[in-house]
Amino acid sequence: MVSIDPTMPHNSESSSQDESQCSKSLNERIFVLWESVWAGRDKEELFQNVLSQVAEQFSRAFKINELKTEVTNRLAMLEKRVELEGLKVVEIEKCRSDIKKLREEMASRNNRINCLNTSSDFARSPTRIGCKFDSAVSSFLDDNKKLTPRRDVPSYPKYHLSQETVETLRKPIFDVWQWEHNEMLSCLEHMYHDLGLVKDFSINPITLKRWLLCIHDNYRNNPFHNFRHCFCVTQMMYSMIYLCSLQEKFTQVDILILMTAAVCHDLDHPGYNNTYQINARTELAVRYNDISPLENHHCAVAFQIFSQPDCNIFSNFDPEAFKQIRQGTITLILATDMARHGEILDSFKQKVDSFDFTNEEHVTCLKMVLIKCCDISNEVRPMEVAEPWVDCLLEEYFMQSDREKSEGLPVAPFMDREKVTKPTAQIGFIKFVLIPMFETVMKLFPQIEEVMVQPLRESRDRYEELKQIDDAMNEVQKKKSENLTMGGKKK
Ligand SMILES: [Zn+2]
């Protein structure tokens, strides 16, 4: 708006000259006024233009922000859907294998009933071998049935580890007895993530879950060689990787081989050792010509599992990398045959004083010793964690020796329930197998002395004390029964 100039003279009727002069100056003034009105309008328009441009910029900025938020929200929703779909796939597969498992169980029960009903026809019955050896040997047909994941661990995909668990998991003091199977699966999954293996090798996290479930399903419920033993060995390997800073010395491929071999090393263990397999001429012994039948079988089952695309954590690997992982894993699993203990330890002793981390042969030998250490490392753990394992092992040994006796096969004294006790079983093993091996590894990694070797020495001392008590009790018992016999004779 333009304001009228307050100094503009008013019209007066006093003189015409004055009037003409007056109207002239009025016109001029109106002209000036119009000019100033137009100039004002220009300014206003300019101002309006600037205002509208600023407003437009602001609204664009707001729109971009709105768009950004919308895109972010949509992405989050999509991610969640992908995750849920992935979990649904796992659930569906578990349901499917549930049904399959039920069918198998029904079929095997029918078979068992048939076996019992037709015992006189055993010699001609094709199910006979299965009936007689079903728990002692494995058949590849049975393995194929077990290869798909089951629903045994329903809460596994939802389980979260506490910070405390995550920290203790890296130490040999971890209490392996207080965890359910689904929790152990979560721990194993965590180890692969924590060591950077999932990221470095682009392992599909859902495939990792499925693979671990499948691994779980392919361990049998033996007293000792079961899924918890698999977990113990892998957890000890994980602890050693941290304790010995192995990620600074080894490649990530070596770390992947160490962990994967530990996870797979006793797959489908039937609960009867190689000696039984060979003496009883089982299907496994025949298949592998008496050469580490069990360890060969564990390896074969491991790679049968990897041959299923859904469980193949190495699906992103090129053929050369897969070959390397396969070879490394096989070498380590085969090294867990205790019949080769002396050979492997001697080879390591020759290398340890001039150990070279750039020498492939040296590194392979060390990896073999490491998996051996982890496999028999229960006595490294605190006494209350270690001791129940001795009972489990003896239970499995006694099951074997009882069977050997009933089948007329040779029985090893350390497995005979008439001859072995907990202290006698442990003393020799700790003194002559465990301590010498861990002390050799200690030359390369002095940090294991306090955490791993010292507990072994303490355990040896404790079992020696227990043995002395046992001996003294036996002596008293012997004298008592001698006195009773003599008393009886006197009468
Ligand atoms: Zn083992």
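Before I start, a cut-off I need: a residue counts as buried when its relative accessible area is under 20%. I also keep in mind that this is a predicted model.

**Entry 1, cysteines.** How many disulfides does the structure hold? I found zero. A disulfide needs two cysteine sulfur atoms within 2.5 Å, so I checked distances. For Cys-230, the closest cysteine sulfur belongs to Cys-264 and lies 7.8 Å away, which is too far for a bond.

Which residues touch the most other members of the largest nonpolar core? I noted Tyr-192, Trp-211 and Phe-438, out of 102 residues in that core. I then followed Tyr-192: leaving out residues up to four places away in sequence, its contacts include Trp-211, Leu-256, Met-259 and Ile-313.

I picked H10 (residues 252–264) and H14 (residues 319–334). Their axes are 9 Å apart and meet at an angle of about 50°, which makes H10 oblique to H14. I logged the crossing as right-handed. On the H10 side the contact involves residues including Leu-256, Ala-261 and Cys-264, and on the H14 side Gly-328 and Leu-332 are among them. Leu-256 was already in my notes as a contact of Tyr-192.

Note on methods. Residues numbered from 1 in each chain as written. Predicted model: local features only at pLDDT ≥ 70, side-chain atom pairs only at ≥ 80, totals over all residues. Heavy atoms only, no water. Core = buried A, V, L, I, M, F, W, Y, C linked by side-chain atoms within 4.5 Å. Buried < 20%, exposed > 50% of the residue type's maximum accessible area, 1.4 Å probe, protein only. Contact = heavy atoms within 4.5 Å. Axes fitted to C-alpha atoms, helices over the stretch in contact; angles between N-to-C directions. Helix = DSSP H or I, 4+ residues; strand = E, 2+ residues; numbered from the N terminus. Parallel < 35°, antiparallel > 145°, perpendicular 65-115°, else oblique. Left-handed = near helix turned anticlockwise from the far one by under 90°.
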